[in-house]
Amino acid sequence: MKSTLGQVLQRALQLDFFNDLFSTERSAPEVSAPPVAPKIRRAKPLAPLPPGGKIVGTVGTNARQIQLKDQLLEYSLLRSKRRSIGFLINHHGLRVTAPRWVTIADIELAIQEKQRWILSKLSERHERLAQREKTAMRWQDGASFLYLGKPLTLRLFHAGHSNIRHDQAQQELLLTLPQTGALALTGEALELAIKDKLKAWLQQEAKQLFAARMPVYAEKLGVRYHSMSLSSATTRWGSCTSQGKIRLNWRLIHFAPELIDYVIAHELSHIHEMNHSARFWLHVQAVFPNFELARHHLRQHAATDFPAF
């Protein structure tokens, strides 16, 4: 049964993936809290930090500190011409931006009032960093990573030349690096060589696959695009300009082919509609009926979920 215009619009609003994907850097997402208008009153004195209190949100040696519940919070303070106190959680921790005339006491009172939001977002950030540390890829023989949605095992060999070959039957990537003389690689140099070779191979595979799939969906949508290029963005899987210039994140090569097709269909649909209106989603749905499921799956991932190059 075909969806009505209103139903498609409602689903698009519920799953607005491409408007704000991994507002990334989803390496550590930057999250802003609603601004707080300065209040001219003094904060209550802070109680002593209990034994075992933790320091969270570390931002550097020049950070300020404030006690929140049983934790000692570090934050950076930026003075500006703005009229309110703003909070931002990024990969450095908590950054507070406040008018120059607001006192430290009033700033820390505002932090206390926002402490539930602040601690919650910092906790999410720490959990994400811990998960990245846990799943960090080791650049060595036997390492595994996703290629077109399936695990691909890296097999490392040494010889007098460099070479890389995909064994589809065994789902292995065979990488050969120099072994002898001045070309012999060890330690960090070896790790860097593995990363460079693997990244170049993945980008080449991505470019070839994208180039093959783009015309398929362009024909289905009845559009012509100007060009396609690779992107290394940390905040978008793809983009399209009004001139029809498409950019696709090469890290999409980690996903299953149907998810790559969805992103391609999505970007090409923008040639019809340079927005995310109901008409836009009708174009996407016409060539990719399961777009909601694909978009939901992509929302669960960020560039930082994959090996860092």
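Helices (H or I, at least four residues) and strands (E, at least two) are DSSP runs, numbered from the N terminus. The structure is a predicted model, in which local features need pLDDT of at least 70 and side-chain atom pairs count only at pLDDT 80 or more, while totals for chains, interfaces and linings use all residues. Residues are numbered from 1 along each chain as its sequence is written, and side-chain values use heavy atoms, with hydrogens and water left out.

Leu 198 is placed in helix H4. With a relative accessible area of 1%, Leu 198 is buried (buried means under 20% relative accessible area, exposed over 50%, partly exposed in between; 1.4 Å probe, protein chains only). Beyond residues up to four places away in sequence, Leu 198 touches Met 137, Trp 139, Phe 145, Leu 173 and Phe 309, where contact means heavy atoms within 4.5 Å. Leu 198 and Phe 309 are 111 residues apart along the chain, and their C-alpha atoms are separated by 8.9 Å.

Phe 145, one of the residues touched by Leu 198, belongs to strand S7. Phe 145 is likewise buried, at a relative accessible area of 5%. When neighbours within four places in sequence are left aside, the contacts of Phe 145 are Met 137, Lys 150, Pro 151, Leu 152, Leu 154, Leu 173, Leu 198, Leu 202 and Pro 307. Between Phe 145 and Phe 306, which are 161 residues apart in sequence, the C-alpha to C-alpha distance is 7.8 Å.

The largest nonpolar core comprises 49 residues, and those with the most contacts inside it are Phe 145, Leu 248, Tyr 262 and Leu 268. Such a core is a set of buried Ala, Val, Leu, Ile, Met, Phe, Trp, Tyr and Cys residues joined through side-chain atoms within 4.5 Å. At least two residues of this core are supplied by each of strands S7 (144-147), S8 (150-159), S10 (172-178) and S13 (245-249), and by each of helices H4 (187-221), H5 (257-269), H6 (278-287) and H7 (291-299). H4 provides the largest share, twelve residues. Leu 248 is in contact with Phe 210, Met 214, Met 228, Ser 229, Leu 230, Ser 231, Trp 237, Gly 238, Val 263, Ile 264 and Glu 267, leaving aside its neighbours within four places in sequence. A second, separate core has 17 residues, among them Leu 68, Leu 73, Tyr 75 and Ile 118.

Four strands form an open sheet of mixed pairing in the order S7-S8-S10-S9; two strands pair if DSSP finds at least two bridges between them. S7 and S9 are the edge strands, each pairing on one side only. On average, and with direction ignored, neighbouring strands of this sheet are turned by 30° against each other. Helix H4 packs on the sheet, where it touches S7, S8, S9 and S10, and its direction makes about 135° with that of S10. Angles run from 0 to 180 degrees between N-to-C directions, and axes are lines fitted to C-alpha atoms, for helices over the stretch in contact.

Within the sheet, four bridges connect S7 and S8 in the antiparallel sense, and Tyr 147 has Lys 150 in S8 as its bridge partner. The pairing of S8 with S10 is parallel and extends over seven bridges, with Ala 159 partnered by Pro 178 in S10. S9 (residues 163-167) and S10 run antiparallel and are joined by five bridges; here Asp 167 stands opposite Glu 172 of S10. S9 and S10 form a hairpin with four residues between them, and Gln 171 in the turn has a positive phi of about 50°. Seven of the seven residues of S10 are buried, so S10 is largely enclosed by the rest of the structure.

H4 also packs against H5, at an angle of about 50° and with the axes 9 Å apart. This angle makes H4 oblique to H5: angles under 35 degrees count as roughly parallel, over 145 as roughly antiparallel, 65 to 115 as roughly perpendicular and the rest as oblique. The contact involves Leu 209, Phe 210, Arg 213, Met 214, Tyr 217, Ala 218 and Leu 221 of H4, and Ile 260, Asp 261, Ile 264, Ala 265, Leu 268 and Ser 269 of H5. H5 and H6 pack at about 140°, with their axes 9 Å apart, and are therefore oblique to each other. Their contact is formed by Tyr 262, Ala 265, His 266 and Ser 269 of H5 together with Phe 280, Trp 281, His 283, Val 284 and Val 287 of H6.
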